[in-house]
Amino acid sequence: MTHTRRLMEQAAGTALPGWDVLRPFTKKLRFHKGELVFAAGERQPYVFVVISGIVKLTYLGIDGVEWIKSFIGPGDFFACPNVLISGLVTDYFATAIDECVLEQVDYAPIRALCEQYPPWQKAIRQLLEQHIVRKEQRERELLTMTPEDRYLSFLKTHPDMAEQLQLRDIARYLGVTPEALSRIRKRLRL
């Protein structure tokens with residue numbers, strides 16, 4: 001639970017009480033390259049913190065085409081708001097890009113800690129605000145930037161991941177074909 005604690009306390013700006021309550025609801029999980037963390041249609045009421053590796057979050061179109069929503073690297077988190085807030089099921093897939101180690105924490109006791117301790121409320125609010133800003137930036141990039149500019153932005157904001165990911169996954173994240181990404185890289189001499 002070390003990584004989850006570090007993430008939450010950094011967001012709160014202070015030490016958080018009640019970690020003993022979360023211990024029984026926390027698991028360390030290991031996934032092999034290509035293994036599903038979870039699939040669309042499942043109920044996953046958890047927060048996942050990436051300890052090592054990269055997880056890709058994807059939607060599957062009705063035509064079977066995979067659309068990459070985001071990549072989550074070490075020290076970052078992901079969860080399905082549909083499940084945590086509304087009790088629905090996941091609407092996307094989470095897949096290990098490489099060997100991954102994650103901490104999985106049940107959200108119900110986190111919510112209970114938020115009710116009991118204001119610093120927990122601050123931690124969750126800060127993490128949600130970070131998530132909203134990232135989503136807004138991603139939406140703006142997809143709607144207003146050229147594919148070339150989206151690629152340059154990706155290289156700037158995810159330099160470590162850009163080295164580790166396959167070009168086809170980067171292309172799917174950018175919303176272009178792998179061939180279009182190859183042409184972009186050629187124009188940029190990358």
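Colleague: What makes Lys69 count as lying over the face of Tyr92?

Modeller: Lys69 is at 4.8 Å from the ring centre of Tyr92. A charge sits over a ring if NZ of Lys or CZ of Arg is within 6 Å of the ring centre and within 35 degrees of the ring normal. Arg138 likewise lies over the face of Tyr173, at 3.7 Å from the ring centre. This is a predicted model, where local features need pLDDT of at least 70 and side-chain atom pairs count only at pLDDT 80 or more, while totals for chains, interfaces and linings use all residues. Residues are numbered from 1 along each chain as its sequence is written, and side-chain values use heavy atoms, with hydrogens and water left out.

Colleague: How many aromatic pairs are there?

Modeller: The count is 10. Rings of Phe, Tyr and Trp (its six-membered ring) pair if their centres lie within 6.5 Å; planes under 30 degrees apart are stacked, over 60 edge-to-face, and the rest tilted.

Colleague: Why is the pair of Phe38 and Phe78 called tilted?

Modeller: The centres are 6.2 Å apart and the planes stand at 40 degrees, so the pair of Phe38 and Phe78 is tilted. Phe38 is in strand β2 and Phe78 in strand β6, so the pair ties together parts 40 residues apart in sequence. Strands (E, at least two residues) are DSSP runs, numbered from the N terminus.

Colleague: Why is Phe38 called buried?

Modeller: Its relative accessibility is 2%, so Phe38 counts as buried (under 20% relative accessible area, with a 1.4 Å probe and protein chains only). Phe78, at 3%, is buried too.

Methods: Helices (H or I, at least four residues) and strands (E, at least two) are DSSP runs, numbered from the N terminus. Buried means under 20% relative accessible area, exposed over 50%, partly exposed in between (1.4 Å probe, protein chains only).
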